[in-house]
Amino acid sequence: MFNKLRSLFSSPVAEEPLPQQASLPAGQRVYAIGDIHGRLDLFEQLLARIDADDASRGAADTTLILLGDLVDRGPDSRGVIERAMQLMATGKVRILAGNHEEMMLGSLRDEETMRHFLRHGGRETLFSYGLRGEEYSRGNLEEIIERANALVPPDHIAFMQAMEDQIVMGDYLFVHAGIRPGVPLDRQMTSDLRWIRREFLDHADPHGHLVVHGHTITDEPVLRHNRIGIDTGAFASGKLTALGCEGDRRWLLTAFIAPQEREAA
């Protein structure tokens, strides 16, 4: 997946017309951040860039949307969750549940889900909550579940349980993975909103809303006439992407930390 990653650098803000007719109501501005996956360093850098960009554009009713998958794979899922909780308490922030939040919550109750969770970045998440290497190496699934329930604070669990599944603002639909084409929004299945790939990605017709999503990793943001994908694989590429929207305009902001820079830090 990542064998063709190019040298990625923070790019200047770029603006251009939307790929299809889509706009936000007058006075509203939105920033949507793609899958963070435990990269608190990139998250903090991108938040600072968003703050500066927001201030430079003048007064607006600004909303920050996190597209899900805050946890797993990267080194500091706990830190990302705590930072997101701080943002929720102090600003206008909405957060979508991704498939990795679903796995993490399920892993606290079920051995098979825990097995799946650990194979897909959950080990790093539990390490960020204080699980020791020897506990992971020597423990069976039942013991790891017991330790996970002791280590993950109840308010973090409640925070993830309260995450949203879809957000409509103006002509935009924000979801984690995508939607089932042809199905009304109020009849979409949660599993599709958090997990869908091919049926959504390959769909060529308009969806009614311009869909902004993460979940599927690409080297660069994907701008299609019916969807915008902004998961740029932060945990491996060192590149975290945000989409800004206001009126009928959109722009991209990027945070980047090269792997060698992170190793040297």
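Predicted model: local features only at pLDDT ≥ 70, side-chain atom pairs only at ≥ 80, totals over all residues.
Ground rules first: residues count from 1 along each chain as its sequence is written, and side-chain values use heavy atoms, with hydrogens and water left out. Local features need pLDDT of at least 70 and side-chain atom pairs pLDDT 80 or more, while totals for chains, interfaces and linings use all residues.

I looked up strands S10 (residues 239-246) and S11 (residues 249-256), which run antiparallel. Strands here are DSSP E runs of at least two residues, helices H or I runs of at least four, both numbered from the N terminus; two strands pair if DSSP finds at least two bridges between them. S10 and S11 have eight bridges, and Gly244 has Trp251 as its bridge partner in S11. Two residues separate the strands, and Gly247 in the turn has a positive phi of about 55°. Seven of the eight residues of S11 are buried (under 20% relative accessible area, 1.4 Å probe, protein chains only).

**Helix H2.** I checked residues 77-90 next: the buried ones are Ser77, Gly79, Val80, Ile81, Ala84 and Leu87. They pack against H1, S3, S4, H4 and H7 (contact: heavy atoms within 4.5 Å).

**Cores.** A nonpolar core is a set of buried Ala, Val, Leu, Ile, Met, Phe, Trp, Tyr and Cys residues joined through side-chain atoms within 4.5 Å. The largest has 46 residues, and Phe43 is among the five that touch the most other members. Leaving out residues up to four places away in sequence, I find Phe43 touching residues including Val80, Ala84, Leu87 and Leu240. Another core, of 18 residues, lies apart from the largest one and includes Leu67 and Phe174.

Conventions. Buried < 20%, exposed > 50% of the residue type's maximum accessible area, 1.4 Å probe, protein only.
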